Amino acid sequence: MTGTTMLEVEGLSKRFGGLAAVDDLSFSVAEGETFGIAGPNGAGKTTLFDAITGLTRASAGRIVFAGDEIQARSSHAICHRGVARTFQIPAVFPEHTVLGNVMVGAYFGGRSRGVPGLGFDDETVERARDAAAFVGLAERMEAVAGPMSLFDKKRLMIASAIATTPRLLMLDEPVGGLNPGEVDAVLGLVAKVRDSGVTVILIEHVMRALMAISDRVMVMNHGRLLFQGTPADVQRHEEVIRVYLGTESASDAVGPGGGDA
Amino acid sequence: MASVAHETRASVGRLMGWRSPNAFAVGALLIAAAALPLIWRNDYVIDVALTALIWMVLNQSWNLQLGIGGIWNFGQLAIFAIGGYVAGLVSLRWGIDPWLALVMGGSAAALVSAVIAIPVLRLRGIYASLLTFSFAEVVRLLVISDESGLTGGSFGLSGIPGLAFEGLAPDAKQRAYYWIALGLVVVTAVFIYVFIHSPLGTALKALRDSPAYAASRGVSPMKMQVITFATSAFIAGVAGAFYAQYYGTISPSVMGLGPLSLFVAMLVVGGLGTFWGPMLGTALIMVVSEALRDLEEARLIVVGLILLLTIVLAPRGLVPLLQQGWARLQQWMAEDDAPEDGPGEDVPENKPTPQQEGSR
Amino acid sequence: MLETRDLHAAYGQTRVLEGIDLTVGDGEVVIVIGPNGHGKTTLLRTISGLMAPTSGEVWFAGARVDGRSPDLIATDGLVHIPQGDLPFGDMTVEENLVLGAFPASDWRGRGQRLEHVYGIFPVLGERRGQRARTLSGGERRMLALGRGLMREARMLMIDEPSLGLAPVIVNEVYRHIGTIMRSGVTMLLVEENFSHVHDLDARILLLESGRIVREGTVAELEADEAVMATYLGT
Amino acid sequence: MRSFFQAVVSGLVTGSLYALMTVGMTLIYGTLRTLNMALGAMVLVGGYVSWMLFSGLGWGPLAGLVGAAAVTFAFGVVIQQVAVRPLIGKTGVDFEMTAFISTFAVAIVFANVALEIYGARNKAVPPVVEGRLHLIEGVSVSWHQVVMAGVAIVMLVALGIFLSKTRYGLGISAVAQQLDAARLMGIPVQRVYNLTMGVSSALAGIAGVLLASVFFVSPNAGDLPLLKALIVAIFGGLGSVRGTIVAAYIIGLLEAMISLYFGVKWSLPVLFVVIMIVLLIRPTGLFGKPEEARL
């Protein structure tokens, strides 16, 4: 991992009415690192993602990505800078096909296009096809996304994120609600993305998956940083166990992922 | 090399789920439409058909926003009328050549729509409908109460010069207008077909179904929707200008609640968000409303009831129903030919809403 | 009092409940434990009618209720305190509580029922004029419990009372649940963290991937190391 | 100066009328997520009922008010069952948009049925009471306007009490704020929807009776009230009942001032521009809640 910092979050807060969903949070992620985020329901994990990617405006604090401040930027501008994310509740463009979904990322994600042209250039089509193949949806590019299974939708989200050629990939519960086989498949994908040099930040409830893939893990509780360290330290840290790990459920989470409050 | 490019282009279309209309049917339809004024020489029927063509252009432009873009604009009639008034005034007052007036009507409409686009596009769904609906009503009431002679008040403008076919005999002139109207419909259809399948159209549909997700993939919501708003308004403005030039008059009555119900019925019955919907819906409702011509008041009651029944029973309109029926028919035929490998095309029967309720 | 027979439920394609046979006798307290996202909340929502099961039956107080609308089941005496409290944010604490006694039979007696609830939860009494939105997490949980007690309950279902609360408040919530249990009302409780319930005397069911995998009293389960290691790891 | 007070007085009167019509729209949107475009038709029905009762049977205005309220209540329930209920729970379709269109279709049917039955001619209805009340030198208001404001305010107060004190009143707010919790409390949601539509339509019907003698009754008598109600709804934001009432009075006064200084013709366009400006600053109106419209 090179020394440069990819993402720097400083004193970030996000308040809804009186409730501080994210409360004066500071952490940084180095380039090429895989950074895991854990914490009980309602710890503010997804709100943190929304603030970083411009879905919601931070109430206070700074977010610096690759050297420039993005806490006031709109989500499409942040995407153009090289940040791509997936969503906890799988989001797809239901009436578009698999290729259509990935094409949106491929065409609009890379860099800001002035006025969109009338056709898809071959380079974009190629990138979209590769991204779809990368997640194993090569044969199903014609299928309409709406009625697809949870596993396919999660892979599709990752494919359209990769198609934007991101420098930072943010995954919100990539394996939540998947069966063990599917969990391993997605972990394999994330590992491949990481090995290609992309920095990855992921939120995950499934401890086995989070610990296996993360270089460093941050545990959040009530919007604040509880602990930050290597997966091994985190699992031994008694405060984390009391507040979060509680039932050391070694079994995999099956069924849809636990939602964030 | 070219063949490869061609092959990938065709397969990209298939993979993107673009239904290329089968050329034969479209060709036949076009020839029939073009031949109509020659076969059916009754100028009343041609007049109705011509009006239907103008409404088709307007509805296609409206569907671009309402159906494909999910932009809740209920003020398109005011945009249409502005196109008509500007074209009328420009040629009446400044003697501008009617063909140029046509384009100026469209551009004026696009300009006005760009102004109201900013507040409208910032609004959440229902507020946009309220604002645009009120905009159309306010424009109508403003024109009606205008005594300054600019817009001719509730009587509107009259004596608007036509598209310079003065030399032709009346029925020849009508046929000329008819073919131009048909041309406008075809040009608009081609433009919208290309638009839907362009990156802009793809992004628009993405914004309609999952705005946050689309934005996180680099689609700028405001830019895409303003471009769509303005292009759709330009088309509606041109349609309005052509309407004014064909009839020689334009009055605020074109913007009332009655016409609005007629057009919304055409859009809903046809199928919002589909390519063929606006054209099919316009044709059907025009036939119905002409059939009821002598009933006068009852005409709008029936149209209102049709709209109510359609939106309640088949909110997605006829075109999706026909497409599913056609697909099932093909499946059924496919099963007959090759029973063992089963139907190819998977038809999405009922689309679950994308945001399934997350369970704990 | 409650019986489910081979109950299945799903969200779109995602199957959540895979055949649940659960019985709760009169006056009995049953607690369902299981990790997040394994169908605990879906189980309660299917029983109270908020969600329709894909197959199987739900019997409450001797009558079959699956398919009936939730307000009718509620009026029959099933009180379901939902996950996340779902308060009426813009209404005052008192208005929230009073709505807990909406059915005609309870509405008349709402006056002294209200005093009874203020007795159990004094904090609600102090904040009776405040909008529910302005309450803290713990106070909201008290409000949800109080709202549930405003009605004559044949059975009380509580969905994850410890969700999102700081440990000290969780203890206080469970202290109240203890007093409610002692009043003898039939109860079905759903909880993710076994450590919160191990001092309550109740029948425990372990729910995993939409199926009940183990059953027993607190003592039996604590004695069984295999279960402790995999499921209840304290 | 006197004309200023005159404008203020008439602004307050129209403000109470707008409140009467728009509060129903907010109630329905709060509970049913439906922007009821057929509310204007209820004003129309109120007008014709009072005209029929008056010219047909010679009954007094009180009977007109009660009759109109009853008829419009019934229509409100029917419209909910026919145009809104079938749409609830339909997947793959945007509920708010389809309900907006279905209630609009109902409005069109009502307007044209009225045209068919009663013809296009305006129907005159005498004011509830004759004569004018002279407040201060040069500033007077007709007794009918006093009655209009009075009835409107009484109705709004009654609505306020109903919503905050009675069982079903609280039920309406509960359904609006948290549907699932309301159902778990034993609140019959369909009955609440019918009640909300009924009450709101009755209020609009009463407004129709009051407006009948001022603007005559004609098949498009529902269009202008609908437009004004929409403008008040946008301005106030479909958030709270109280917010809507305040917005109604602001719009009433604003309109009176504009027509005083610019002339009646300009009241609507200037009002519309004011709305556009408000929306640029607060996209959900003055009192609207950003995330979800709540009561």
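Modeller: The loop that joins strand 9 (216-221) and strand 10 (224-229) of chain A contains A:H222. This is a predicted model, and in it A:H222 has a positive phi of about 50 degrees although it is not a glycine. Most residues other than glycine have a negative phi. Is A:H222 buried or exposed? A:H222 counts as buried because 20 other C-beta atoms lie within 10 Å, and 20 is the number from which a residue is called buried.

C:D6 belongs to strand 1 (residues 2-11) of chain C. With 13 other C-beta atoms within 10 Å, C:D6 is partly exposed.

Chain C itself is split into two domains: domain 1 covers 1-77 + 153-234, and domain 2 covers 84-150. Taken over C-alpha atoms, the centres of domain 1 and domain 2 of chain C are 23 Å apart. Their contact involves 9 residues of domain 1 of chain C and 8 residues of domain 2 of chain C. On the side of domain 1 of chain C that touches domain 2 of chain C, helix 8 (residues 167-182) of chain C gives the most, with 3 residues. By class, that side of domain 1 of chain C has 6 nonpolar and 3 polar residues, and no charged ones.

Next, the contacts between chains. There are 5 pairs of chains that touch, and chains A and B have the most contacts among them. Chain A contributes 41 residues to this contact and chain B 34 residues. On the side of chain B that touches chain A, helix 1 (2-15), helix 8 (199-209) and helix 9 (211-216) of chain B each supply at least two residues. Helix 8 of chain B gives the most to that side, with 7 residues. The side of chain B that touches chain A is made up of 17 nonpolar, 11 polar and 6 charged residues. Chain A and chain D, in contrast, do not touch, and their nearest C-alpha atoms are 10 Å apart.

Within chain B, one helix pair can be described in detail. Helix 12 (residues 277-291) and helix 13 (residues 297-313) of chain B pack at an angle of about 145 degrees, and their axes are 9 Å apart. The crossing of helix 12 of chain B with helix 13 of chain B is right-handed. From helix 12 of chain B come B:I285, B:V288 and B:S289, which meet B:R299, B:V302, B:V303 and B:I306 in helix 13 of chain B. By class, the contact of these two helices of chain B has 5 nonpolar, 1 polar and 1 charged residues.

Last, the confidence values. For the complex, the predictor gives an ipTM of 0.82 and a pTM of 0.85. Chain D has an average pLDDT of 86, and 97% of its residues score at least 70. Over residues 291-295 of chain D, pLDDT stays under 50. For that stretch of chain D the model has 18 contacts beyond four places in sequence.

Key:
Residues are numbered from 1 along each chain as its sequence is written. Chains are lettered from A and ligands numbered from 1 in the order in which they are written. This is a predicted model: local features need pLDDT of at least 70, side-chain atom pairs count only at pLDDT 80 or more; totals for chains, interfaces and linings use all residues. Two residues are in contact if their C-beta atoms, placed from the backbone, lie within 7 Å. Helices (H or I, at least four residues) and strands (E, at least two) are DSSP runs, numbered from the N terminus. Ala, Val, Leu, Ile, Met, Phe, Trp, Tyr, Cys and Pro count as nonpolar, Asp, Glu, Lys and Arg as charged, and the others, Gly among them, as polar. Axes are lines fitted to C-alpha atoms, for helices over the stretch in contact, and angles run from 0 to 180 degrees between N-to-C directions. A crossing is left-handed if the near helix is turned anticlockwise from the far one by less than a right angle, and right-handed if clockwise. A residue is buried if 20 or more other C-beta atoms lie within 10 Å of its own, exposed if 12 or fewer, and partly exposed in between; C-beta atoms are placed from the backbone. Domain bounds come from an automatic or database domain assignment. pLDDT is the predictor's confidence in each residue, from 0 to 100.
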